[in-house]
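Dear colleague,

Please find the structure below, followed by a short account of what was found in it.

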Amino acid sequence: MTVSTDYTAQEIIVVAGAKILEDNKIVFVGTGLPMVASLLAVLTHAPGLIPVFEAGAVGPPLKHGLPISVGDSKTFTGASYVKGLNGAFELTQRGFADFGFIGGAEVDMYGNLNSTMMGDFPAGYGKPKVRLPGSGGASDMAASCERTILIVPHDKKKFNQKLSYVTSPGHLDGSPGARQKAGMQGKGPYRLITTRGIFDFEEKSKRMRILHTFPGETVESIQENTGFELLVAPDVTQFAAPTVEEVRLIREVVDPNGAFVKRAAK
Amino acid sequence: MKDKRMTLKEAVSRFVKPGDNVGIGGFVNIRQPIAICHEMIRQGFKDLTLSFQSAGMAPELLAGAMMARPDHCSIKRIELAYWGHEAFGLAQAWRYLAERGMIEFEDWSNYNMSARFKAGAMGLPFIPTRGPLAGDIKNTSRTKIVDCPFTNRPIALLPASNPNVALIHVQAADMYGNCIIRGTDATCAEISMAAAHTIVTCEQLVSHELLVSNPKDIMIPFPAVDAVIHVPFGAYPGACRRHYYFNGDAIREYLGCIAPMVKGGSADGLKAWFDENIFGVETFEDYIEKFSTKKLIADQLAEAYHCERLA
């Protein structure tokens with residue numbers, strides 16, 4: 001396998017996301033890069049992946065390519081079960097989703113995610129510094145999927161001790177049984193993929209822990225770009241750079257129009 | 001059953017009143033009630049509350065109208081899960097209005113809003129869900145966390161949403177208001193059932209006999225509907241399954257008229273867009289006529305490819 005020399009930060013996220021997905025699992029897929037990674041997984045090692053899209057499609061084969069919305073017509077063609085939002089979320093609340101795959105703008109050390117606002121909270125809620133789109137289905141997936149996989153661009157300003165707003169709860173304050181005490185179900189955040197590496201959440205403390213560094217990054221460089229202290233797994237390894245074939249698939253087959261994976265400026 | 005066919009003009013003037021809570025159907029830019037929004041903007045509206053789960057162009061048009069013509073159009077409050085355009089970008093009007101503190105809003109999730117409409121549709125005052133048990137949605141909304149009287153575990157109670165009027169676009173309807181929906185049901189049935197009045201636009205207006213040939217296909221039943229209007233391309237430039245795919249260029253072009261205002265720029269471009277596309281025309285058909293036939297056919301063909309069927 002020839003290693004790509006011109007892959008972008010988004011492309012390595014997509015490859016990492018695809019590799020984390022397991023074949024034949026039910027994955028509730030959020031909009032954006034999770035859709036791209038899911039389609040790449042279907043085309044490579046996980047042809048039996050069962051995606052659920054919140055607008056109501058369950059298990060489409062995605063033969064017509066990348067949906068550009070979670071309600072896209074492409075998610076309905078060939079789907080096994082088709083309803084609306086209540087149908088998809090009821091199935092999830094009942095406990096049928098193995099994974100939830102979501103993105104966010106800001107994350108803390110316990111995998112809590114923000115996709116609502118940046119600014120002073122609660123005082124500035126009504127007039128935020130930056131208003132983001134809002135939860136969509138992310139907070140529902142966070143509360144009910146068995147495990148969640150998160151994608152957040154890695155930037156010191158976005159990896160904070162305290163979030164502007166907790167949209168999608170992860171391991172909350174990290175205390176034992178916090179999710180169950182709050183009434184939620186599922187084990188919470190399982191993996192976090194960023195532009196610098198792949199992380200898990202240490203079993204006892206539920207704190208974010210470096211698992212794999214992306215090429216060009218070290219434990220130190222990742223810590224420098226994180227606004228809180230990271231844990232480090234005992235056997236941190238480097239995640240292999242995407243192959244030429246993986247990058248070709250993303251550019252030519254999965255997202256040829258650059259709907260979510262932006263092309264590098266030439 | 002009563003014949004509910006009327007013009008879009010008549011439906012909007014009869015059923016959308018100042019101060020109304022307006023429930024918006026569809027999902028992001030799929031099956032949004034775009035034609036109804038155009039007519040509301042032409043007639044003007046005051047102090048509306050908009051309620052939706054995930055929406056794109058419908059609120060973007062209504063809010064853009066408020067930015068271009070505050071004397072003619074105003075929104076007071078929004079109850080929502082997500083306002084954006086996914087692959088086509090951020091909701092510029094959302095940023096503009098929220099970051100300047102010009103509207104009230106209440107954040108929910110997609111399931112929270114869908115469940116709230118469902119409670120409204122069931123005629124119940126609230127619904128329990130697991131969505132907002134932790135995190136800040138419960139702190140910025142009317143969510144009540146209680147101990148379940150049966151399991152003693154915490155559960156979130158959400159207030160029902162019963163809009164004054166629902167705006168819904170569907171694939172097919174009959175004159176009585178029975179509706180068939182293809183692709184995502186979104187939350188259209190729940191919103192229609194929950195609302196005091198419902199305006200339906202449809203791609204196809206067909207005989208009652210044909211529409212009910214498979215009665216289980218009926219997604220919205222006639223008693224929930226007050227007005228039926230035949231409006232082909234009624235969700236355009238958004239998508240409508242079996243009919244047309246997204247016109248992303250038109251969505252991005254409109255967002256591009258609002259974007260400069262987020263950074264403090266002038267409203268001239270946005271005003272010009274409204275003058276040309278909404279205030280300067282009589283009907284939604286006149287707006288559709290501005291697109292080239294070639295483009296409209298291309299968007300129909302793209303959709304036909306996604307759900308291949310014999311003619």
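**Contact between the chains**

In this predicted model, 55 residues of chain B are in contact with 47 residues of chain A, two residues being in contact if their C-beta atoms, placed from the backbone, lie within 7 Å. On the side of chain B that touches chain A, the elements giving two or more residues are β5 (82-83), α4 (92-99), α5 (110-121), α6 (137-140), β9 (154-159) and α12 (293-306) of chain B. Helices (H or I, at least four residues) and strands (E, at least two) are DSSP runs, numbered from the N terminus. The most is given by α5(B), with 5 residues. By residue class, this side of chain B divides into 26 nonpolar, 17 polar and 12 charged (Ala, Val, Leu, Ile, Met, Phe, Trp, Tyr, Cys and Pro count as nonpolar, Asp, Glu, Lys and Arg as charged, and the others, Gly among them, as polar).

**A helix pair in chain B**

In α3(B), Gly64(B), Ala65(B), Met67(B) and Ala68(B) meet Leu270(B), Lys271(B) and Phe274(B) of α10(B). The residues of this contact comprise 5 nonpolar, 1 polar and 1 charged.

**Confidence and conventions**

The model scores ipTM 0.96 and pTM 0.97. Chain B averages a pLDDT (the predictor's confidence in each residue, from 0 to 100) of 97, and 100% of the residues score at least 70. Residues are numbered from 1 along each chain as its sequence is written, while chains are lettered from A and ligands numbered from 1 in the order in which they are written. As the model is predicted, local features need pLDDT of at least 70 and side-chain atom pairs count only at pLDDT 80 or more, whereas totals for chains, interfaces and linings use all residues.

With kind regards
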